Each structure stands twice: as C-alpha cells, then as structure tokens.
2 protein chains.
Amino acid sequence: MAMKKKPVTGMKDILPREMEIRDYVIGQIKETYKTFGFSSIETPCVEHIENLSSNQGGENEKLIFKVLKRGDKLTSAAGKLGEAVADGEADYNVLTDSGLRYDLTLPLSRYYANNANELGSPFKALQMGNVWRADRPQRGRYRQFMQCDIDILGEPTILAEIELITATTTLLGKIGFEKFTIRLNNRKMLKAMAAYSGFEEKDYDSVFITLDKMDKIGLDGVNEELVEQGFAKESVDKYLDLFDKVTPDVDGVSFLKETLGDFLEEGVAEDIITIMASVDAVKSADFKIAFDPTLVRGMSYYTGPIFEISMDEYGGSVGGGGRYDEMIGKFTGQNIPACGFSIGFERIVMLLLEREYQVPASGDKVAYLVEKNMPTDKMLEVLKQAKEQRESGTSVNIAIMKKNKKFQKEQLEKEGYTEFKEFFVDRM
Amino acid sequence: MAMKKKPVTGMKDILPREMEIRDYVIGQIKETYKTFGFSSIETPCVEHIENLSSNQGGENEKLIFKVLKRGDKLTSAAGKLGEAVADGEADYNVLTDSGLRYDLTLPLSRYYANNANELGSPFKALQMGNVWRADRPQRGRYRQFMQCDIDILGEPTILAEIELITATTTLLGKIGFEKFTIRLNNRKMLKAMAAYSGFEEKDYDSVFITLDKMDKIGLDGVNEELVEQGFAKESVDKYLDLFDKVTPDVDGVSFLKETLGDFLEEGVAEDIITIMASVDAVKSADFKIAFDPTLVRGMSYYTGPIFEISMDEYGGSVGGGGRYDEMIGKFTGQNIPACGFSIGFERIVMLLLEREYQVPASGDKVAYLVEKNMPTDKMLEVLKQAKEQRESGTSVNIAIMKKNKKFQKEQLEKEGYTEFKEFFVDRM
C-alpha cells in the first residue's frame, strides 16, 4: 500500500505557529483554573461502546469513530455478521467493543463513578483532551478537536454555577477577550414556559428545537414553524407572547416568575437572579451576563441552569455548559449533583490566530550558525556557549551554516530568531 | 446496554495526584526543549491504515487499534467480508480505513512530508501525545500511553545526535534523575561486526534479536542460542570474541575500528567517539555516556547512531532513539536526514510517583468553608475575598461547610489545602 502524506479526512496537522498559541492558552487555562481550586484529571480517549451509545450524547452518538474488536472476538463477530449480511439484517455494532469519546462529560461521569472514594467532595475537575466526531468536514471544523471542561461534582447549590462562570470568564479576560455575553437560562424555566403555554411534555423536545432557532428565524419564524408542526394555535400564541414580553435581564426573570406561577418550580427564578448578580459583582473581565429564555442547549442530560458564551466577533457560541444532576446516577444508581462549563478551545485558538495574537515572549531566541566541518574541539566551544545561554532561559538553535546564509537567516527570522551568532572554522 | 464504570481494558483513569506530576513534567519538557530550539507540533491520533501498516512499525503493527469504516463504505465492506467469511478467506482489513497511531515517529514523518515547505530547515520538532497499542495488559503497562519525542529533521551531521542527547539528559537532570547511562551504538557498527564475523546480510535481523538478549542471558547464552539457530560455529566464535574483547568506552570503539577494517564504513567509529566526547563535555546532569556494541534497538528503520537511556532504579530503558534517514523518503520519494529521541514519559512519571516526588509548590492553597444558606449579599463578600486572593496567585477552593467539618478539613488537607477560612451566616 502506498503511503499517504495528507492527514486522514477531517483531521489536521498543527503547525508550530498555531501550537505556540495552543500551548500558551493551555498554560493560561491550567494556571487560572488552578486558582479556582480545580484539579487536572485525564480519562482514556477510548471508551466502552455501551457508554458511548447510552443516549447521553444525543446527535453525537451518530458520529462515533468505532474501534474494531481484535483477535478471536473479531473472528467470531465477523462470522455472525457474515450470516446477518446474508440474511439482510446486518448489525455492524457486533464488530466493535469501544470507540473514541465524542465529549469529555460522559467519560468524566464514568470516572467519578469509578473513583469517587479517592476524590474530594465536592470534586472540582479540569479535563483537557481530544474528542472525535465523524461529522461532515467543513471549514474550521475538524473531526478531532480539543475540549477543555471544568466540572464541579457533588455541589447541589448554585455556588457551582457561579464559580464555573467566574472561572471561565476570568480565563477569557486573561487571554484578551472582552465584550462577550454569558447567556443564562434554566431547563426548568424552559419547561415551565412550555407547560404554561399548554404544550404537552412529550412535545417539549420538538418545541425547543424550533425555539433554538429564534436568533436565526426570529419570533415570526418560530411561530410559523410551530404552527406547521401542528401545535395548537392557542399554545403557540401564548408561548410567543411570553417571549415577546420578556426582557433579557432580572426584570425578565421576575416577569416570568409572576406570570408562570405554579408552573415554575420554587427557587428557579431566584437562582437565575442570584447567579446573574453574583457573577456580575465579582467579574474581572469586561463582559455581561444576560438572562436568555430562548437558550436551549441541545443535550437532553441538562437538569437545571444552562449557559453559553456568545461572542459577536465569532458570531456564535464559544463555550457552554450547565447542570446535569442525573448522569452519574446512570453509572452508580445514585445521583450526584454535577455542573460543568466547556470552552470552545478550537474556536478560541482560531480567533487568536485570526487576530495574529502575539504570545507574550518568554526569553530570547538566538540562532548559532556554525560553518561546515567545524573541528570537534572548536564545536565543543560552540556547544558550551549554547549551554550557558540555555541555562539562562534563552532558546538557542544551533544550525550548520548554509551556502545561502541570507535565506537561512530569513527563514530563522520567520521562526522568531531575532539574534544571530556566527562561528567560522578559522576564526575560533 | 448497561453503563460500565471501569475504563476499557488496559487503559486508565488518571487521578489528580498523578496528574500533578504529569503536568509538572510536561511543563519542564516544554520549557527545557524550547531552550534547545524545538517547536511544538501535533499530529492527529488517527492515522491512515496504509501508513500504519507500511512495515515501519515492526511488531507494533500487530497491535493497532483499528477504526471501523463509516456509512456506505462500511456497508459495502461488510458485504464483501460476508462473502469472504463464507469462502473462508476473511480479510478484516476491508472494514477499516484508519487506526490509532502506535508511535509518534511515523506520524511525524508524514507530517514533515506534508508540510516541509512551511517548516524550518533543519526542523526541530517536539511532539507529545498519546499512542495506543493493543498489547496484553500487564502491571505498569497500558494500552494508551503518552509519548514525548524530539526530532531533528534535515540535519545530516551528528550535531543532531549531540543536541538530542544533550537536551534529553538536561531535562532528566532538571526533574531529579541522576546516575543514569546513555548507551550509544550505531546500526552500521552492528552490521559491520556481523559481516566481519561471516554472517550473511539476510541473517542480521535474527542475529541481532539474539544479541539483544545479552544483558539477560550473557555471552554464553547468546553463544548457545546462535549455535542452536544453526549458524556456523566459526562465525559465532568470531562474533562473540569481539564482544569479549570490546570495552564500553572510546577504547572499545577504537579497537573495533582497527579490527573491523574495511567492514566498517569510514567515519562511523569517529562519529561515535565525537558524540561521546561532546555530550560528556557539555553535560549538565550527573550521568555517563557509554559505547554499547550490544545495543540493537528493535526498529528496522534506524540507519545510523542509536541510543538508549538505562536507569538502574528502573532496571530497564526509560527512553531511546536514533537516526532514521530513510523514513521520510517513503512518503516523498526523497530521503531527508532524520534523528529522534523519545523519553519514556510513563516510566518517568511512575518513578517520580514511587519516590513520592513533591512538585515544587506554586502559590498557596486556601479552602474557604462557607456555612450553609449564606444570604446572597454575604456570599458576595466571600466571592470578593476569593477573587482578590486568586488574583494574587493563591488557589482558593470555596466549599459549603459540612456537618462533619473535621472530616471535611482532613479531606481538603489531603488535596493540599493547608489554610482554612470559615464564614458563618451570623458572623459576617
């Protein structure tokens, strides 16, 4: 078989310029989140296929890169598949026992279920790692990408939400982002608004899928789509009237609390207001936090507050999260309060690359150009000079001098080498 | 399907204590290698199956985690497989188009072939990332593990070897390792010794596999095994006589140069001696570099100098590398000089864990214990105090006070929190 030079479809080689920004952002993430008391953890990239296919991952479950069984298990499975194909009833899942994780939340829940005894309570986790989705490749979206999640497990109060949002916005401020918006809602508010309007619980998901398009198709578009779907005009009118009247602030929350009455669980409105006030009072970056009753967040596992970062510059979400109090119970039979915030690492790196972000310099970069065939004893002198400079934190790149020295220097300048030292055989 | 709490077979969840060490070592690696002029790069974890199965990976090619094709391609492949199984001629490879990388060297070669125009020349790459091998699980060896490689591409002289060994040993010294040995050999020396003794080129690989056991079975054991394999007694005697007489130092190299005569390519002995002298002259850690004519290094892709780190403490190799001037040519048709050094990241972390290595502290760790049901305005005061301390670099973990406060504090102490602040509702 011929060797292939390109990466596999939809994945990318990362060049030094981008890596410099990635490494810098990773450093800032670790440093910032550490001050908020988060501990780094890691889960394997490969996860049981049973866990990946447990309906926790929504649409992502259709995008799993599945790993082939090995050895006898593969032979046996392939035999069965052979029969099934012949019968026209092929279930390819017999060929696989695992797959690449499509997010970090499911593995984290498994991790906590497996290791709770050895973890703090509450446990504040920072997880950075690649995830894979066999999505249709498109510009700026890749099939392997890095996720960066912080989660607080075992904390039932909104202290979790406040800390997660404060930590995330502090990080964004540190790496130069401003004027973004944290949109905040609560799955219970979403449901109460639907219930109040007369929708049936079984229809919530389709109603929310349409609602989620509000920022694209507007109030009229949502109206049209809901009516088309056959929902009672009365419900649709009542529903949209709520959205027409509500404002994206504390007053909006109060208005809904009053209007929805018993449809809304006690404390939900108050929690939204407290999160908004608290985050605002201790914020260290220039952003605003707004109530957004149209915020849906796709994943069905959310049980309480949900939030998303909107950035005009990007024209979309660069991160989000929420409370998922019922996922860990899927592993252990006992629910544990859980809340997480994931930043869109790849999008943030892309934005920094686009604005030609300069990573703060850490030490000089010097290139040593050494004439060809330098005798060993003289080469040792070069190496010793390099050693001294390196020990003081300078990056020293020793290279053999090329015929076209001017071009060589230009290349090195592109790599950030601003200083040059030349060593000649007969001048040492 | 039921959810599984344990990680997939042979892979592990990494707890905060280990992650602290891993993060620290990663930081030291990046910082140290940067001063040697290496640039971070990243390749996808998933690689073309054609590349992974190209005979560059030796035994590792038997251990690939293969990724199942998706969509129509899977349906079509499974159909063909069905027929083949029925015919008793199943080739399961039709089911897969890619796999998880088993090392970082092959992806690096593809990367360089794909991106050479945008990279420095020579190009000094630092690559850290997970690799996967479906090895039989055993204590301390996992099916997913981190590798950490530095490579210099485009440098034909031993400046590459000297820089790689100096960078690696400097790193090891920084994280507290000493009294280790760099064993150095050259594939050309290995071959010359075999040729001189009268072995045929087609037999080199089996001779070297036996030679590789020298440290376990000794000179007599190697003798016995070679004779058993049917090699001429005269060749075996002549071969072992060399090993009997050679010393693990510069004199040993000179002895071989003299003895092997024209069997040894010009410059090979001199290069070994220069590498040894240079590394020794600029070393900044307490280690020795020794010539070791029994060092084989399994991979067939090596073309020149090869080296390995021996650590008595570990009783084995904790890293190794060598020159592989012919791999990039497999992708481009044009060979590019290449040389790399890979440290055994997992082994190093294991050794540090075993000696209960204390990562240098970076800032205090304070836990705030807040009485339950703290009113919002008072909670804001707590959050503001935390903000100030965090901005000064202190890690602040805010937690709701538990009934068993003593136990809670003990737990937090285990997580490294040495200072506590308590906040009560009626004392704020």
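**Salt bridges and the rest of the model**

Let me start with one side chain: Lys409(A) is partly exposed, because its relative accessibility is 24%. On that scale, buried is under 20% relative accessible area, exposed is over 50%, and partly exposed lies in between, with a 1.4 Å probe and protein chains only. Before going on, the conventions: this is a predicted model, in which local features need pLDDT of at least 70 and side-chain atom pairs count only at pLDDT 80 or more, while totals for chains, interfaces and linings use all residues. Residues are numbered from 1 along each chain as its sequence is written, chains are lettered from A and ligands numbered from 1 in the order in which they are written, and side-chain values use heavy atoms, with hydrogens and water left out.

Back to the lysine. Lys409(A) makes a salt bridge with Glu422(A), with 2.6 Å between the closest N and O atoms. By salt bridge I mean a side-chain nitrogen of Lys or Arg within 4 Å of a carboxyl oxygen of Asp or Glu. This pair links distant parts of the chain, 13 residues apart: Lys409(A) sits in helix H15 (residues 405-414) and Glu422(A) in strand S14 (residues 419-423), both of chain A. Helices here are DSSP runs of H or I with at least four residues, strands are runs of E with at least two, and both are numbered from the N terminus. Glu422(A) is also partly exposed, since its relative accessibility is 29%.

Another pair is Lys283(A) with Asp280(A), at 3.4 Å from N to O. Lys283(A) is partly exposed at 26%, and Asp280(A) is partly exposed at 40%. In chain B, Lys283(B) and Asp280(B) also form a salt bridge, at 3.3 Å. There the relative accessibility is 26% for Lys283(B) and 39% for Asp280(B), both in the partly exposed class. Shared partners also give a network of salt bridges, made of Lys12(A), Glu18(A), Arg22(A) and Glu346(A). How many salt bridges are there over all chains? The count is 56.

Next, the interface. Eight salt bridges cross between chain A and chain B. One of the pairs between the chains is Arg110(B) with Asp13(A), whose closest N and O atoms are 2.7 Å apart. On chain A, helix H14 (residues 376-391) gives the most to the side touching chain B, with eight residues.

In total, chain A puts 105 residues into the contact and chain B puts in 105 residues, contact meaning heavy atoms within 4.5 Å. The buried area is about 9200 Å², and carbon and sulfur atoms give 61% of it. That area is the accessible area (1.4 Å probe) that two parts lose on being put together, summed over both. In chain A, Met3(A), Lys5(A) and Glu42(A) lose the most area to chain B, together 8% of what that side buries.

Now chain A by itself. Chain A has 15 helices and 14 strands, and 57% of its 428 residues are buried. Its C-alpha trace spans about 95 × 65 × 45 Å along the principal axes.

As a local example, take Thr181(A), in strand S7 (residues 180-186). Is Thr181(A) buried or exposed? Thr181(A) is buried, at 16% relative accessible area. Leaving aside residues up to four places away in sequence, Thr181(A) touches Lys288(A), Ala290(A), Glu308(A), Ile309(A) and Ser310(A).

Last, some backbone details. The peptide bond from Ser121(A) to Pro122(A) is cis, with omega near -5°, and Pro122(A) is in the loop between helix H4 (105-115) and strand S5 (123-132). Chain B also has a cis bond joining Ser121(B) and Pro122(B), with omega about -5°. Asn373(A) is not a glycine but has a positive phi of about 55°. Asn373(A) lies in the loop between strand S12 (365-370) and H14 of chain A, and is exposed at 70% relative accessible area. Arg297(B), also not a glycine, has a positive phi near 55°, but Arg297(B) is buried at 16%.
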